[in-house]
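Let's take a walk through a protein model together. Have a look at the picture and the sequence, and then we'll go through some of the details.

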Amino acid sequence: MNKKTRTTIKQNHPAPLPVNQGQVCEVEILDLTYEGHGVGRVEGFTLFVSGALPGELARVRVTELKKQYGHAKLEEVLRTSGERVAPLCPVYGRCGGCQLQHLSYEGQLRWKRQLVIDNLQRIGKLDVRGSSSASDAGSHGVIVHPVIGMEDPWRYRNKAVVPIGEREGGLIAGFYEPGSRRIVDMDSCLIQDPQNDELIRQVKQIAGELGIPAYDHATHRGLLRHVVVRVGVQSRELMLVLVTNGRKLPKADELVDRIREAVRVSQPEYALKSICQNVNTKRTSVIFGEETQVLWGSETIEDRIGEVRFAISARSFYQVNPVQTKVLYDKALEYTALTGEETVIDAYCGIGTISLFLAQRAKKVYGVEIVPEAVEDARRNAQLNGVTNTEFAVGRAEDLLPRWRKAGIAADVIVVDPPRKGCDRSLLETIIEMKPKRVVYVSCNPATLARDLRILEDGGFRTVEVQPVDMFPHSGHVECLILMVSEE
Ligand code: SAH
C-alpha cells in the first residue's frame with residue numbers, strides 16, 4: 001500500500017463504534033421490531049437484542065457489528081417489563097416460527113397498533129388521531145382503532161408449510177431456526193390446528209419408514225422438500241401436499257394407502273380429501289413449483305367462511321386464520337358500504353373470497369388474480385354458492401385494471417389485498433384515474449401500506465379509518481383494513 005492510499009484511508013476512517021465485538025454492556029430497550037428484536041441504544045448506537053422488551057434494562061453481549069447498528073445476545077434482564085410472560089412453547093426462541101410469545105397478548109395487540117401508527121406517520125406522512133370511536137370519522141385525522149384480537153390466540157392456523165429434513169436415518173419436520181436452514185424437529189406447534197400437527201406426524205413417520213429421502217438444500221439432492229397440510233375448520237376436510245425435488249416418488253401407492261389409513265384411525269372426525277404432489281426442482285426458497293398432480297382424491301378441499309363456501313386447491317392462497325378472517329371480511333363489507341347498486345373491483349382476489357363476500361350486496365364484482373389455479377377456484381366458488389354477478393380474470397392487477405378502464409368499466413368501490421410488497425405504483429395510478437367513491441385496502445405490511453396510502457392521498461383520496469385485525473398472534477405480522485374515500 002503506498003503512502004497516499006494510507007493517508008486517504010486514515011482520513012475517511014469512521015469514528016470508532018461505542019461498543020466492541022464480544023463486549024458486555026447494559027442497555028435500555030426502547031422499541032421492538034416486527035421480528036421481535038428489542039431495540040436499544042448505547043451512546044446513540046443501535047443494538048438489536050432478541051428476546052428483550054421495551055422498558056427493560058438488559059445486560060447483553062455484542063455478537064455482530066455493522067457500521068450503523070449491531071446485534072447483541074440477551075444475557076440477563078436487569079429490570080423486567082410488566083408485559084413479559086413465560087412463553088408456552090417448549091421450542092420458543094429456538095424455532096423461528098413465533099417472535100412475540102414472551103410478550104403478553106394484550107402487549108402484542110398494543111404494540112401492533114403502535115407499529116401501524118408509526119408507519120402511517122413516518123412513511124405515509126398521515127395525521128393520526130388515534131381515537132377508538134368511529135362516530136367522528138368525518139373530522140380530520142385518521143382513526144387507528146385498537147387491534148381486534150382473538151379470544152383464544154392459540155391453535156389458530158389452518159395451514160402448515162413444514163420443511164423436512166433427516167436425522168440419524170429418520171425424517172424430521174419443523175420450522176427453521178431463526179436466520180438458518182436448520183430444522184427444529186417438533187411434534188406439536190401451539191399456533192397450529194391440532195389436526196395439522198397430527199397429519200404431519202403421520203407423514204413424517206410413514207415416509208421415514210418407507211425410506212423416502214428428505215431434500216438437502218446444500219447438495220440439492222434428496223426428494224421430500226416440504227409437507228403442506230390444510231384443514232377446513234368448518235368442513236373438517238384435510239388436504240396434504242408433498243413438495244418434491246423431482247417427479248418420481250418411490251412407493252407412492254403404499255405411501256398414499258398408509259397415510260389414508262393412519263388418518264382414518266387417528267383423526268376419525270376428519271376426512272382426508274386430497275393428497276397432491278407438487279414438483280419443485282429449483283434451487284430456491286420458494287415453496288411450490290409450477291406442477292401439481294393429484295396422487296389421490298380430489299384436487300381441492302372445501303371450507304366455509306360465514307355462509308360462503310370455498311373450494312381451495314394446493315397452491316391457492318387462503319387466509320390461515322379462519323376465526324379472524326370472518327372478522328376481517330365483515331369489516332371489509334362494512335367499509336365498502338354497499339347498497340346493491342355498486343360495481344366493485346377486487347384486485348388480488350385469490351380464490352374469490354372477498355369478491356364472493358361482497359357479491360352478496362353488490363350489482364357486479366370483478367376479480368383479478370395472478371395465479372391461474374386460484375382463478376379457477378374463484379369461478380368454481382361462484383358456482384358453488386350460486387353467485388352469478390362475479391367475473392374473474394387471470395393476470396396482474398396492474399395490467400387488467402387499465403384494460404377494464406378502457407373498456408368502460410366504472411368502479412364505485414375498489415378493494416386491494418396485495419402481498420407484502422404492496423401495490424404496483426401503476427395500479428395505484430389507475431385507481432386514481434378511475435376515481436371510485438371508496439377504496440378498501442387490506443394490508444399485511446404496514447410499511448408498504450403507508451407508502452401506498454401516501455400515493456393515493458396525493459391522488460385525491462382521504463384515509464378515514466384503519467382497523468388492525470390480529471390474524472397472526474405471537475408473530476410480528478400485522479394485518480390492517482383501511483377505508484379511503486374520494487375527496488370529490
Ligand atoms: N383477497 C384474497 C387473497 C389475498 S393474498 C383473500 O383474502 O383470500 C394476495 C393475492 O394476490 C395472492 O393470491 C397472490 O397470488 C395475488 N397476486 C400477487 N401479485 C399479484 C398481481 N400483481 N396481480 C394480481 N394478483 C396478484
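Which residues does tyrosine 348 touch, not counting residues up to four places away in sequence? They are Val368, Glu369, Ala397, Glu398, Val416, Asp417, Pro418, Pro419, Gly422, Cys423, Asp424 and Leu427. Touching, or contact, here means heavy atoms within 4.5 Å.

## Before we dig in

This is a predicted model, where local features need pLDDT of at least 70 and side-chain atom pairs count only at pLDDT 80 or more, while totals for chains, interfaces and linings use all residues. Residues are numbered from 1 along each chain as its sequence is written, and side-chain values use heavy atoms, with hydrogens and water left out.

## The eight-strand sheet

Let's start with an open sheet of eight strands, in the order S6-S20-S21-S19-S18-S15-S16-S17, with mixed pairing. Strand S6 (143–144) and strand S17 (390–394) are at the edges with a single partner strand each, so one side of each has no neighbour in the sheet. Strands (E, at least two residues) and helices (H or I, at least four) are DSSP runs, numbered from the N terminus, and two strands pair if DSSP finds at least two bridges between them.

Now for some of the pairings. Five bridges hold strand S15 (residues 343–347) and strand S16 (residues 364–369) in a parallel pair, and isoleucine 345 has tyrosine 366 in S16 as its bridge partner. S18 and S19 also run parallel, joined by four bridges; there, valine 413 is partnered with arginine 438 in S19. S19 itself is mostly covered, with five of its six residues buried. Buried means under 20% relative accessible area, exposed means over 50%, and partly exposed is in between (1.4 Å probe, protein chains only).

## The annotated residues

UniProt, in an unreviewed entry, places the feature "binding site" at Gln319, Tyr348, Glu369 and Asp417. A word of caution: UniProt positions are given in the numbering used here, feature names are shortened, and annotations may be inferred rather than shown by experiment. Tyrosine 348, our opening residue, is found in the loop between S15 and helix H6 (353–359). With a relative accessible area of 18%, tyrosine 348 is buried.

Aspartate 417 lies in the loop between strand S18 (413–416) and helix H9 (425–434), and counts as buried at 15% relative accessibility. Leaving aside neighbours within four places in sequence, aspartate 417 is in contact with Gln319, Ala347, Tyr348, Ile354 and Val442.

What about the feature "active site", and where does UniProt place it? The unreviewed entry puts it at Cys444. Cysteine 444 is in the loop between S19 and H10, and is buried, with a relative accessible area of 18%. Not counting residues up to four places away in sequence, cysteine 444 touches Pro418, Pro419, Arg420, Val478 and Glu479.

## Strands S3, S4 and S5

Next stop, another group of strands. S3 and S5 run parallel, joined by four bridges, and leucine 47 has glycine 70 in S5 as its bridge partner. Strand S4 (residues 57–65) runs antiparallel to S5, with eight bridges between them. In that pairing, arginine 59 stands opposite glutamate 76 in S5. A hairpin of three residues joins S4 to S5.

How many aromatic pairs does the structure hold? There are four. Rings of Phe, Tyr and Trp (its six-membered ring) pair if their centres lie within 6.5 Å; planes under 30 degrees apart count as stacked, over 60 as edge-to-face and the rest as tilted. Phenylalanine 48 and tyrosine 69 have ring centres 5.6 Å apart and planes at 70 degrees, so this pair is edge-to-face. The pair links distant parts of the chain, with phenylalanine 48 in strand S3 (residues 45–50) and tyrosine 69 in strand S5 (residues 69–79), 21 residues apart. Tyrosine 69 counts as partly exposed, at 30% relative accessibility.

Phenylalanine 310 and tyrosine 318 form a tilted pair, at 6.3 Å centre to centre and 55 degrees between the planes. Phenylalanine 310 is buried at 0% relative accessibility, and tyrosine 318 is buried at 3%.
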